[in-house]
Amino acid sequence: MKQRETTRTIQIGPLQMGGDNKVYIQSMTNTYTKDVAATVKQIQTLERAGCEIIRVAVLDKEDAQAIKEIKKQISIPIVADIHFDYRLALESIKSGVDKIRLNPGNIPKREHVKKVVQACKEKKIPIRIGVNSGSLPNRAEPTVALMIETAKHHVDILESLDFYDIALSLKATDMNLMIETYREAAKVFPYPLHLGVTEAGTAFTGGIKSAMGIGILLYEGIGNTIRVSLTDNPVLEIQAAKEILKNLGLKDKVPNLISCPTCGRIQFNMIDIAKKVEAYLLKVNKNINVAIMGCLVNGPGEAKHADIGIAGGGGTAALFRKGEIIKKVKESEIYDELIKEIDNFDDSIYDKKEAS
Ligand code: SF4
């Protein structure tokens, strides 16, 4: 993996983004922001799943004012997503928002942009400029050059007001366009990049597209925060984002499930157990490799790097650690035994490895 590109840094509440800071996971609520109870509930669920920054849509004054109450009940930074109306940006800033998503070129009067910039400067709030392949000026056909030019137009406005606390996103639906545009943006702009594939689709297709686009860029050292956009429960966005980061070595304390693809040698109904264990692991914050293997003959050997694993063996199954069988268990007890081992596993061995 390439060394990470260094960018300017921005401050989002307690988090510093860009430079050599970690890559943050973010998502967006799909509740009505003015419905404080529902929005807080969703944000708290996302926080527990691993969300580090949350964005809410601000459509009117009530939404902007709701941010104040929402902020009291959550512990991650909150971003106001605003289209066109500078007054909503000012109101959100008054409510204590940590970041604004707004394209200054969409605000017709410069004096209004100035007001927003001034308020952001006073509170040290950054602005994300979001260019989207589907909403380029005059509905033009998206190209890399046009995406960059559009972003530059917005960036120039902020820079002309001596404002540099900027993050940028240049999302596209087309994978090649998305990757090429971000690569170019990393060369042209010194600002932190928010990566995402727009209109990616439902959990399965959208998850694959996002893993490809976001994963390729992160591998190249590009990107400071990611959002996996899915037409589904946003909790799945967090789970997908964690998988992407974990598999690139950019996220710690996320378990890894190893499971064989199954074949004619399979000796127990492992697909259901693998799914159940995978669901359980979503709540575990540890470095641990867990293996579920279909047969005893090949399973422990094929998964010998697993910290704990199970391999089926006709009525009974074998629990193994690092390829060595430690115990035989009844098929009906596989899940419970495995969970017990996962809960008891001390992952400090990985801390020592990292420290050395
Ligand atoms: S572990 Fe056994 S069942 Fe699973 S793929 Fe390998 S040989 Fe087949």
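This is a predicted model: local features need pLDDT of at least 70, side-chain atom pairs count only at pLDDT 80 or more; totals for chains, interfaces and linings use all residues.
Helices here are DSSP runs of H or I with at least four residues, and strands are DSSP runs of E with at least two, both numbered from the N terminus. Counted in that way, the chain has 12 helices and 15 strands. Residues are numbered from 1 along each chain as its sequence is written, and side-chain values use heavy atoms, with hydrogens and water left out.

Let me start with the overall layout. The chain is divided into domain 1, residues 9-247, and domain 2, residues 256-355, with bounds that come from an automatic or database domain assignment. Taken over C-alpha atoms, the centres of domain 1 and domain 2 are separated by 38 Å, and the C-alpha atoms of the chain fill a box of roughly 75 × 40 × 40 Å along the principal axes. Of the 356 residues, 53% are buried, where buried means under 20% relative accessible area, exposed means over 50%, and partly exposed lies in between, with a 1.4 Å probe and protein chains only.

Leaving aside neighbours within four places in sequence, Lys-246 is in contact (heavy atoms within 4.5 Å) with Lys-251, Val-254, Pro-255 and Asn-256. Lys-246 and Asn-256 are 10 residues apart in sequence, and their C-alpha atoms are 8.4 Å apart in space.

Now to the sheet. Eight strands form an open sheet with parallel pairing, in the order S8-S7-S6-S5-S4-S3-S10-S9, two strands being paired if DSSP finds at least two bridges between them. Strand S8 (166-171) and strand S9 (194-195) stand at the edges with a single partner strand each, so one side of each is left without a neighbour in the sheet. Within this order, S6 and strand S7 (residues 127-132) pair in the parallel sense over 2 bridges, and Arg-101 stands opposite Arg-128 in S7.

Arg-101 brings us to the salt bridges, each defined as a side-chain nitrogen of Lys or Arg within 4 Å of a carboxyl oxygen of Asp or Glu; by this rule the count comes to 21. Which partners does Asp-81 have? The side chains of Asp-81 and Arg-101 meet in a salt bridge at 3.8 Å, N to O. Asp-81 lies in strand S5 and Arg-101 in strand S6, so this pair ties together parts that are 20 residues apart in sequence. Asp-81 also meets Arg-55 in a salt bridge, at 2.4 Å from N to O; that pair links Asp-81 to strand S4 (residues 53-57), where Arg-55 sits 26 residues away. Asp-81 and Arg-55 are both buried, and Arg-101 is buried too.

A further salt bridge joins Asp-63 and Lys-34, with the closest N and O atoms 3.0 Å apart. Here Asp-63 is in helix H2 (residues 61-73), and Lys-34 is in the loop between strand S3 (24-28) and helix H1 (36-49). Asp-63 counts as buried because its relative accessibility is 2%, whereas Lys-34, at 31%, counts as partly exposed. Lys-34, Asp-60 and Asp-63 are linked in a network of salt bridges.
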